[in-house]
Amino acid sequence: MKQAPGTTWRLFVAIPMPEPARNEIIRVQSELQPLVPREVVRWTRPEQFHLTLRFLGDVPADAVETLKQAVKAVCSDASPLSLRAQGVGFFPNPRLPRVLWVGINDGENRLVDLQQRVEEAVHQFSPEPGEKQFRGHVTLARFKNPRPSDIRDLVARAQSLKTRSFGDWTAQEIEIMRSELSSSGARHTLLAACRLGTG
């Protein structure tokens, strides 16, 4: 479909979550929700759980096909990854949290290597700066200026979940997703699924 000149799409590159791990993360999210006042937190909808490798922001629509080819080239040269969802934490820290997350890692640093290769392939398409230090995670919630008393119980519970595992799986593909913002939240649409190890 031909796009009007100047049209941009809000995009990100991510690894999808399998259903068993997603269900375990939904379970812990529901355990944590009663521990913090609703007005200071926005919980991520479960259908939007994913491991973001690179948030691209507004990409010219006429560059999307070239972007897909760049990501496919990285995937063709990378093998599937063994991943584990484990632990709950905060960015940047528990005292002044902006994000509540579940950690994702592979224990071999191959995930970090793959993320760096994706970064190199896609940074030319993005107006957004890349992450200085990538840490694999799924976002559970975002905070809106919480007071220490608002999050005391949540921080204590998160401490007890530091070693809890939410599932292991083999990641077989990377997805390019479009995010459309609205008053009811973001809606995500799959633009391309790139298989790992297809080269």
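A: A contact here means heavy atoms within 4.5 Å. This is a predicted model, in which local features need pLDDT of at least 70 and side-chain atom pairs count only at pLDDT 80 or more, while totals for chains, interfaces and linings use all residues. Residues are numbered from 1 along each chain as its sequence is written, and side-chain values use heavy atoms, with hydrogens and water left out.

Q: Which residues does glutamine 115 touch, not counting residues up to four places away in sequence?
A: Glutamine 115 touches Leu53 and Phe134.

Q: And where is glutamine 115 found?
A: Glutamine 115 is in helix H3, residues 110-122. Helices are DSSP runs of H or I with at least four residues, strands are runs of E with at least two, and both are numbered from the N terminus.

Q: Is glutamine 115 buried or exposed?
A: Glutamine 115 is buried, at a relative accessible area of 5%. Buried means under 20% relative accessible area, exposed means over 50%, and partly exposed lies in between, with a 1.4 Å probe and protein chains only.

Q: On to helix H1, then. Which residues of H1 are buried?
A: The buried residues of H1 are Ala21, Arg22, Ile25, Val28, Gln29 and Leu32. Down the axis of H1 these buried residues fall within an arc of 125°, so they line one face of the helix. The arc is taken from the directions from the helix axis to the C-beta atoms.

Q: What covers them?
A: The cover over the buried residues of H1 includes strands S2, S4 (81-91), S5 (99-105), S6 and S7 (165-171), together with helix H4 (148-160).

Q: How many residues has H1, and what is its reach?
A: Helix H1 (residues 19-32) has 14 residues and reaches 20 Å from its first C-alpha to its last, close to the 20 Å expected at 1.5 Å a residue. The expected span is 1.5 Å times one less than the number of residues.

Q: A change of topic: what volume has the largest pocket?
A: The largest pocket has a volume of about 1,100 Å³. Of the 32 residues lining this pocket, Thr52, Phe55, His137, Thr139 and Arg142 are the closest to its centre. A pocket is an open set of points on a 1 Å grid over the protein atoms alone, where a 1.4 Å probe fits, with protein on both sides within 12 Å along at least five of seven lines; lining residues have an atom within 4 Å of a point. Grid points are joined across faces, edges and corners, and the volume is the space filled by probe spheres set on them.

Q: Now the backbone. Which peptide bond is cis?
A: The bond from phenylalanine 91 to proline 92 is cis, with omega near -5°. Proline 92 lies in the loop between S4 and S5.

Q: What of phi at asparagine 109?
A: Phi of asparagine 109 is near 70°, a positive value in a residue other than glycine. Asparagine 109 belongs to the loop between S5 and H3 and is exposed, with a relative accessible area of 55%.

Q: And asparagine 145?
A: Asparagine 145 has a positive phi of about 50° although it is not a glycine. Asparagine 145 sits in the loop between S6 and H4 and counts as exposed at 75% relative accessibility.
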